[in-house]
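Here are my notes for you to check against the model. Please keep the structure open as you read.

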Amino acid sequence: MLIREATADDWPAIWPFLREIVAAGETYTYDRDITEEQARSVWMLAAPSRTVVAVDQGGTVLGTAKMNRNHMGPGSHVAGASFMVDPAHGGRGVGRALGEYALEWARAEGYRMMQFNAVVESNVGAVKLWRSLGFEVLATLPEGFRHPTKGFVGLHIMYREL
């Protein structure tokens, strides 16, 4: 697996699984009916932020991550990141590879810590992954997320020092 900078040519491969994940309404706080234009503007970030894709040997996009400053001004030493793995390629270590890449990127860019603002409590796979990479739950906003089948569930703020 190779992780590289995402280009405009990658968007047609990202959009279908991003749309599927967001429409499911189980893991992201984006509007479930997000348009392609809206999705592209929130996902494909310009420098100094970064959007990457994980691809297999044949060039198939397996997943994507975006990395950015989480706060402005006096909080600009805190990085943030978001991740999406194509469900057709889940369970193969793509999320872990993207997470490790994001942590390396943040260290190289001089960030002191990384914060995830909204990890859905019922997304146990993601919570387990982030914990295994050294993140901890700082707080949980009770009923901060309206899950389509589980109802209101908690929304974690997770963090780790770099």
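This is a predicted model: local features need pLDDT of at least 70, side-chain atom pairs count only at pLDDT 80 or more; totals for chains, interfaces and linings use all residues.

**Notes on helix packing and the cores**

1. Helix α1 (residues 11-24) packs with helix α2 (residues 36-43) at an angle of about 110°, and their axes lie 11 Å apart. An angle from 65 to 115 degrees counts as roughly perpendicular, so α1 and α2 are roughly perpendicular to each other.

2. Which residues make this contact? From α1 come W11, I14, W15 and L18. From α2 come E36, A39, R40 and W43. By class, six residues are nonpolar, two are charged and none is polar.

3. Now find the largest nonpolar core. It has 28 residues. Those with the most contacts inside it are F83, L98, M114, F116, W130 and F135. At least two residues of this core come from each of β2 (50-55), β3 (61-69), β4 (78-85), α3 (94-108), β5 (113-120) and α4 (124-132). The largest share, eight residues, is from α3.

4. There is also a second, separate core of 17 residues. Among them are W15, Y28, A39 and V55.

5. Look at α3 itself. This helix has 15 residues and spans 21 Å from first C-alpha to last, close to the 21 Å expected at 1.5 Å a residue. Its buried residues are V94, G95, A97, L98, G99, Y101, A102, L103, W105 and A106. After α3 comes G110, with a positive phi near 90°.

6. Finally, pick out F116. Setting aside neighbours within four places in sequence, F116 is in contact with A81, F83, W130, F135, H156, I157 and M158.

Conventions: Residues are numbered from 1 along each chain as its sequence is written. Side-chain values use heavy atoms; hydrogens and water are left out. A nonpolar core is a set of buried Ala, Val, Leu, Ile, Met, Phe, Trp, Tyr and Cys residues joined through side-chain atoms within 4.5 Å. Buried means under 20% relative accessible area, exposed over 50%, partly exposed in between (1.4 Å probe, protein chains only). Helices (H or I, at least four residues) and strands (E, at least two) are DSSP runs, numbered from the N terminus. Contact means heavy atoms within 4.5 Å. Axes are lines fitted to C-alpha atoms, for helices over the stretch in contact, and angles run from 0 to 180 degrees between N-to-C directions. Angles under 35 degrees count as roughly parallel, over 145 as roughly antiparallel, 65 to 115 as roughly perpendicular and the rest as oblique. Ala, Val, Leu, Ile, Met, Phe, Trp, Tyr, Cys and Pro count as nonpolar, Asp, Glu, Lys and Arg as charged, and the others, Gly among them, as polar. The expected span of a helix is 1.5 Å times one less than its number of residues.
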